[in-house]
Amino acid sequence: MKLLKKQISSKDGSGYISLLPNTPEDLWHTYNLLQIGDHVRCTTLRKVSKESSTGSVTSSKVRMNLTIEITKLEFFKDSLEVRISGPNSAESAHVRMGAFHTLTLELDRQFSIEKECWDRVFLDRIEEACNPEREAEVACVVMSGGLCHVCLVTGSVTVTKARIETNIPKKRTGSSSHGKAIDKFYDAVYRAILTHVPFDKVKVCLVGSPGFQKDDFFKYLLAESVRREDRVFIENKGKFVLCHASSGHKHAIEEFFLDPNIMSRVTETKLSKEIEVLNKFMRLLDTHPEKAYYGYFHVQKANEELAIDSLLISDELFRSPDILTRKKYVELVESVRERGGTVYVFSTMHVSGQQLQQVSGVAAILRYPLPDLDELEEIAAAHEAGIVEEESDDEEMSEEAKKMRAEARMREEMADMGFDT
């Protein structure tokens, strides 16, 4: 992503930026930058009709610059496209004000985004997207039987580059159909890796399967690369790492990053750091639950106690259409950073982000245990049920009211001890 122009007010955070996306991952960042109510300007094609003096009507497609106010926002995971719709909000020679139009944000096409407030999370997202070191970091190949997925894992998204599915018959005595099907399947996987994996950018290529299929495929790859003189594989064979996977489906990639030996090979990547802190949170949840909180209410209470060491938060929460909901999570992130905590924003395009989403999307690892979890849970349940009553401040209560409350508490305590009151 290239940042072409940035003009944001230091007073209220309003302003606009101009960006040029270069990779499919940039479009994912763009989707996370946009909100309902933002104004987007870019070039587009629109059918324009003209009526001549004789009354004949001619239509033609005209390329123009349009500015629309977003009323609908969509991201397509398969094609990695961002599509926005809304009314025209700027004067145009061809389109009247208020006329609806749909824009598709594409690679290598400049666009501008105008917001009423660019908060800290938005600015961090731009900084991350424009970082020149952000490239494809890990390639993953999972296979089982005749099914294989070839994926690229970057700092924010897991992109499926190829899906290979081949029918492999069972072994039969005197029949060579099984061996031929296996060779055909391996050849398709070989070509998919050669086509879709940029070895000049990836740090490691993980190949996994149940049993010994990964070993057989790797032997095939080495032998074929020498026979075909594919120097890409010959020169980068050291980047291949064989590991166990339970299936050939995409979700099996998660298992790669649970192996400490694999994690040591990808230790410098953004994804590995996120998976490491998520695994640490899950372990603490089992062994020391007083140091692992999740859910906004519990995490916010821990933040008030200055107890948060690491905050784990899903980018899904920042895409909330409710401005107040987004604002409270942005304030939580800023507050944790001001108090010395580390913030990890997880992408829901990764398996790790989807796991975090299952535990409310926000979690925290604490510096020290907070044992009053049961009390917090009761308060949180009361908030959710809407039955929390405001307690009067002691300073505002009369002496008689204070005395009556003290007597009531004493009666409750005596009743708990089994005394008749």
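E224 pairs up with R227 in a salt bridge, and their closest N and O atoms sit 2.7 Å apart. (A salt bridge here is a side-chain nitrogen of Lys or Arg within 4 Å of a carboxyl oxygen of Asp or Glu.) Both residues belong to helix α4 (residues 213-228), where they are three residues apart, about one turn of the helix. Helices are DSSP runs of H or I, at least four residues, and strands are runs of E, at least two, numbered from the N terminus.

Buried means under 20% relative accessible area, exposed over 50%, and partly exposed in between (1.4 Å probe, protein chains only). E224 and R227 also join a network of salt bridges that links them with D187, R191 and R228.

## What the model is

This is a predicted model, so local features need pLDDT of at least 70 and side-chain atom pairs count only at pLDDT 80 or more, while totals for chains, interfaces and linings use all residues. Residues are numbered from 1 along each chain as its sequence is written, and side-chain values use heavy atoms, with hydrogens and water left out.

## Other pairs

The salt bridge count comes to 17. One of them joins D315 and R125, at 3.7 Å from N to O. D315 lies in the loop between β15 (308-314) and α10 (323-338) and R125 in helix α2 (residues 120-129), so this pair ties together parts that are 190 residues apart in sequence. D315 and R125 are both buried.

E165 and R163 also meet in a salt bridge, at 2.7 Å from N to O. Here E165 is exposed, at 57% relative accessibility, and R163 is partly exposed, at 49%.
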